[in-house]
Amino acid sequence: MKNAFYFIRESVRIFRNSKVLNLFSFFGTALILFLLAIVVCIWSISSQLTVMLREEAEISAYFKKDVENTAELLNMIEQIDGVRNVMLVDEAEARSRMEKTLGEESGILNLFDENPFEAYFEVKIHLDRMDSVFAQISNLNGIDYVRENREVLEQIEGISKVLEVLGYIVIAAVSITTLVIISHMIRQGIYQNHEQIKTLILLGAPDNFINFPYVLLGFLLTFGGGIAATVFINILIHQGYSRLGRTLPFIPLPPKNQLVYGLSIFLLSVSAALGILVVCSAFTPPGRRIRVLLNHL
Amino acid sequence: MIKAEKVFLRYSDGTVALRDVNLSVKPGEFVYIVGPSGSGKTSLLKLLMGIEFPSAGSLYVMDQPIVRKETRNIRMLRRNIGPVFQEFRLIQGRTALDNVLMGMRFLDIPKRQMINSAKDALIKVGLEHKASVMVEKLSYGEAQRVAIARAVARKPALILADEPTGNLDYDNAINIMNLLYTLRDKNTTVLATTHATHLIDNYQKTTLIRVEEGRIYVEHRGEQA
């Protein structure tokens, strides 16, 4: 503890010795972590969309206009294995739903002279039974045609899986790149100060004492990059929500605060973990080899 | 404190710097090493600091064998040595006080005591007024005195000084010699190389080591402690 101030002062001095390179390392790390945050953000949104769609998996069954007893047809659909719930959506309800979905843009519906929407059965189903339910409803007397959203759901699920894999790849790439950048900066600092280090070795200073300012700088550069990336992603999310929320009302975005909080915790944790990895790497065999080299300078 | 038996030092280029060195130094002894340039004085100090290793023979400093495989323990040993390097080895971009403190920060000394020792050492070498001056702004002689203060401040059991008065005027040289000489009262062993043989005559109870072509000749002067 008696050297805490000394270590901080030394780290600042090492930073200043290669100010431009260290600043590039800092912003480089921040940008890499920012890219990671973007991938995680998109993955998070698509995952939420998939989960929501899975819960809302449904089939729209349109019946012929000559069907008089819709209650009987509804009852027959309810009996099918795999159906969770059936509801008749009449023309007025169909229009009302679309108005809600369109929000401020719903005025466009006033351009139609008549209500363009048809009545249909909204059939909530178990997603894994979609094929059999679809076939059985299609074969019922009185059913005109059946529409399902499986293709969209599968596509979104596919995108979500790709993003998940991409997320892991990006996490690995970010970790390796950050470690390489920061370790390189530490080694650069050590080489620049090799005369000072050699003097300290000759005075009997232990390795930990000699290393600590360099390691502290590495940790601060990594964690600082994480903080900067957190600020960037916060700004991006705030901007994105205010713009996307207006122009793409169909995309069910997760609650903003929840996303911001989750990403901030994630970025700070990742950067802290990477910072600790940098610290550990300084005490691994490659780190020791540098000291052996310095011993023989 | 120091025990050498039949020590040889041969550099990788084949030069034999020291040959058949036999030496025994007791705690509190005050030893001058003299000899012409290139005779092996600095090589002897490098051996004692564990910077070089004997090619043959055995060498112990404070019971620590000086052999290559003992690098880690030699680093520990150096914490009990106050070195004064010929080229000073001060750390640039730091004040004189910072440089003196640098020799103690990793030792088990409380902060307050560390600062007091550093300031006290600067007073002893007559540089208290330069404590906050960057070392690159000091004169050659002043820088040398900072190096001596750094060695003395950590109160080592052994001081190894390579030409500690080489760049000093007569008054400062006498002052530094007096400082080193008084350390024997605290049982500190001092080995110092020098060309200034005229300064040695001022002191009794010293040991003189003459180095000639790698061989040493020991002469005890006065009654040794």
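**Notes on the two-chain model**

1. Strands here (E, at least two residues) and helices (H or I, at least four) are DSSP runs, numbered from the N terminus, and two strands pair if DSSP finds at least two bridges between them. Between the two strands of this hairpin sit 5 residues, and B:Gly14 has a positive phi near 95°.

2. Before going on, please keep in mind that this is a predicted model, in which local features need pLDDT of at least 70 and side-chain atom pairs count only at pLDDT 80 or more, while totals for chains, interfaces and linings use all residues. Residues are numbered from 1 along each chain as its sequence is written, and chains are lettered from A and ligands numbered from 1 in the order in which they are written.

3. Strand β1 (residues 2–10) of chain B has another antiparallel neighbour, strand β4 (residues 56–61) of chain B, to which 5 bridges join it. B:Ile2 is a handy residue to look for: its bridge partner in β2(B) is B:Val25, and its bridge partner in β4(B) is B:Val61.

4. What is the order of the strands in the open sheet of chain B? The 4 strands follow one another as β2-β1-β4-β5, with antiparallel pairing. The edges are taken by β2 (16–25) and β5 (64–65) of chain B, each with a single partner strand, so one side of each has no neighbour in the sheet.

5. Chain B is split into domain 1 (1–80 + 156–225) and domain 2 (90–155), with bounds from an automatic or database domain assignment. Their C-alpha centres are 23 Å apart. The contact between them involves 12 residues from domain 1 of chain B and 13 residues from domain 2 of chain B, where two residues are in contact if their C-beta atoms, placed from the backbone, lie within 7 Å.

6. Which elements of chain B each supply at least two residues of the side of domain 1 that touches domain 2? They include β7 (158–162) and α6 (170–182) of chain B. The largest share of that side, 4 residues, comes from α6(B). By type, the side of domain 1 of chain B that touches domain 2 of chain B holds 7 nonpolar, 3 polar and 2 charged residues. Here Ala, Val, Leu, Ile, Met, Phe, Trp, Tyr, Cys and Pro count as nonpolar, Asp, Glu, Lys and Arg as charged, and the others, Gly among them, as polar.

7. Now to the chain–chain interface, where 12 residues of chain B are in contact with 12 residues of chain A. Helix α2 (residues 71–78) of chain B gives the most to the chain B side, with 3 residues. That side of chain B divides into 5 nonpolar, 1 polar and 6 charged residues.

8. Chain A has 10 helices and 4 strands. Its assignment gives domain 1 (4–53 + 154–295) and domain 2 (58–148), and 51 Å separate the centres of these two domains of chain A, taken over C-alpha atoms.

9. Of the 297 residues in chain A, 27% are buried, meaning that 20 or more other C-beta atoms, placed from the backbone, lie within 10 Å of the residue's own. In helix α7 (residues 194–202) of chain A, the buried residues are A:Ile197, A:Thr199, A:Leu200 and A:Ile201. After α7(A) comes A:Gly204, with a positive phi near 95°.

Definitions and conventions. A residue is buried if 20 or more other C-beta atoms lie within 10 Å of its own, exposed if 12 or fewer, and partly exposed in between; C-beta atoms are placed from the backbone.
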